[in-house]
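Have a look at the sequence and the model first, then read on.

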Amino acid sequence: MHRVLLLHMSARTRSPCFRLALNSGSIFARERVEFPSPAEVGQKLRVTWRVAETYEKRGRHYQRIAIAIDAEDGTPIIRREVHDTFFFSEGSDPA
């Protein structure tokens, strides 16, 4: 399976619990990806997302998300770390 397809399958917006706060948005900040093993066509895969850290830098709110794709037998296919920054419309509370 092509690696770009795997990246698309693991985007944070595909997580069932992905939600942005009211009157907010997010901007991709940086990413690190490892491809320890290839995925085969027809292979069952499991994608997991975990908010690993939230932090503030230069007055902006950030979130680091750890994303993993594993084969059914537990073999790691992708290890991905994504950082996003958040912005809020004027007058909204980021808390």
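Let's start at Val-41, which counts as exposed at 73% relative accessibility (buried is under 20% relative accessible area, exposed over 50%, partly exposed in between, with a 1.4 Å probe and protein chains only). Keep in mind that this is a predicted model, where local features need pLDDT of at least 70, side-chain atom pairs count only at pLDDT 80 or more, and totals for chains, interfaces and linings use all residues. Residues are numbered from 1 along each chain as its sequence is written, and side-chain values use heavy atoms, leaving out hydrogens and water.

**Around Val-41**
- You'll find Val-41 in the loop between strand 1 and strand 2 (strands are DSSP runs of E, at least two residues, numbered from the N terminus).
- Together with Met-1 and Leu-5, Val-41 makes a nonpolar surface patch of about 280 Å² (patch residues have over 30% relative accessible area and no salt bridge, and nonpolar side chains are joined within 5 Å; areas come from the Shrake-Rupley method with a 1.4 Å probe).

- Four strands make an open sheet in the order 1-4-3-2, with antiparallel pairing (two strands pair if DSSP finds at least two bridges between them).
- Strand 1 (24-34) and strand 2 (45-57) are at the edges with a single partner strand each, so one side of each has no neighbour in the sheet.
- Strand 3 (residues 60-71) and strand 4 (residues 76-88) run antiparallel, joined by 10 bridges.
- Ala-68 sits opposite Arg-79 of strand 4.

**Salt bridges**
- The count comes to seven salt bridges (a side-chain nitrogen of Lys or Arg within 4 Å of a carboxyl oxygen of Asp or Glu).
- Arg-79 also turns up here: its salt bridge with Asp-70 has the closest N and O atoms 2.7 Å apart.
- Asp-70 is buried at 17% relative accessible area, while Arg-79 is partly exposed at 31%.
- Shared partners join Arg-32, Glu-34, Glu-53, Arg-64 and Glu-81 into one network of salt bridges.
- Arg-32 pairs with Glu-34 at 2.8 Å between the closest N and O atoms, and with Glu-81 at 3.9 Å, N to O.
- Glu-81 is in strand 4 and Arg-32 in strand 1, so this pair ties together parts 49 residues apart in sequence.

**Aromatic rings**
- One aromatic pair shows up in the whole structure (ring centres of Phe, Tyr or Trp, using its six-membered ring, lie within 6.5 Å; planes under 30 degrees apart are stacked, over 60 edge-to-face, the rest tilted).
- Tyr-55 and Tyr-62 form this stacked pair, 5.2 Å centre to centre with 5° between the planes.
- Tyr-55 is partly exposed at 22% relative accessibility, whereas Tyr-62 is buried at 12%.

Methods
Patch = residues over 30% accessible without salt bridge, like charges linked within 9 Å, V, L, I, M, F, W, Y side chains within 5 Å.
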